[in-house]
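Me: I have a model open and would like to learn how to read its features. Can we take them one at a time?

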Amino acid sequence: MKVRDWMTPEVASVRRNDHLAIADDLMRLGRIRHTAVLDDHSDELVGVVSQRDLFRGALAGALGYGQHAQQKVMSMLFIKDIMSTDPVTTTPDTPLAEAARVMLERKIGCLPVVENGNLVGILTESDFLRFAIEYAGDD
């Protein structure tokens, strides 16, 4: 099996100079934990934002500020300030087991899938859960 068989082809993405609030809204409303970050002037993948990155970026919440103050902080910070740069990527033709090994060894929750320089999908831990459910059967 290949990455293309299990990846999610519709990738939620943001731009590096978007405010953190946009990523927060996108991830909360879409119920996703990772989003690709694209360059402002091209569709080049320049990073990944995870829920963990957002939690770090919203440190105001940990300091006891209320919801309104947290939203204000999120609207003042930019995605480029908290994103993970130089993301580890994979290709659609990579064997699924190899992609899983990379994710485990690197302790990452997703792999953006790139083909010919274009972002064509994302492989996440949730995709592996779908795989397990489909192949576990009724054991």
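Me: In what order do the 4 strands of the open sheet lie?

Reply: This is a predicted model. The order is E1-E2-E3-E4, with mixed pairing. Strand E1 (13-15) and strand E4 (84-85) are the edges, each pairing on one side only.

Me: How many bridges join E3 to E4, and which way do the two strands run?

Reply: Strand E3 (residues 45-50) is joined to E4 by 2 bridges, and the two run antiparallel. Within E4, Thr85 is the bridge partner of Gly47.

Me: Which strands does helix H1 lie across?

Reply: Helix H1 (residues 20-30) lies across E1, strand E2 (34-38) and E3, and its direction makes an angle of about 175 degrees with that of E1.

Me: Which residue forms a salt bridge with Arg101?

Reply: Glu105 does, with the closest N and O atoms 2.4 Å apart. Both residues lie in helix H5, 4 residues apart, which is about one turn of the helix. Arg101 is partly exposed at 36% relative accessibility, while Glu105 is exposed at 54%.

Me: What does the salt bridge between Arg4 and Asp93 tie together?

Reply: First the contact itself: the closest N and O atoms of Arg4 and Asp93 are 2.9 Å apart. Arg4 is in the segment before E1 and Asp93 in the loop between E4 and H5, so the pair ties together parts 89 residues apart in sequence. Salt bridges also link Arg4, Asp93 and Glu115 in a network. The structure holds 8 salt bridges.

Me: Is Asp127 buried or exposed?

Reply: Buried means under 20% relative accessible area, so Asp127, at 2%, counts as buried. Asp127 lies in helix H6 and forms a salt bridge with Arg130, the closest N and O atoms being 3.0 Å apart. Arg130 is partly exposed, at 39%. The Asp127 side chain also reaches the backbone nitrogen of Thr124 at 2.8 Å.

Definitions and conventions
Residues numbered from 1 in each chain as written. Predicted model: local features only at pLDDT ≥ 70, side-chain atom pairs only at ≥ 80, totals over all residues. Heavy atoms only, no water. Pairing = 2+ DSSP bridges. Contact = heavy atoms within 4.5 Å. Axes fitted to C-alpha atoms, helices over the stretch in contact; angles between N-to-C directions. Buried < 20%, exposed > 50% of the residue type's maximum accessible area, 1.4 Å probe, protein only. Polar contact = N/O pair within 3.5 Å; in protein donor to acceptor, adjacent residues only side chain to side chain. Salt bridge = Lys/Arg side-chain N within 4 Å of Asp/Glu carboxyl O.
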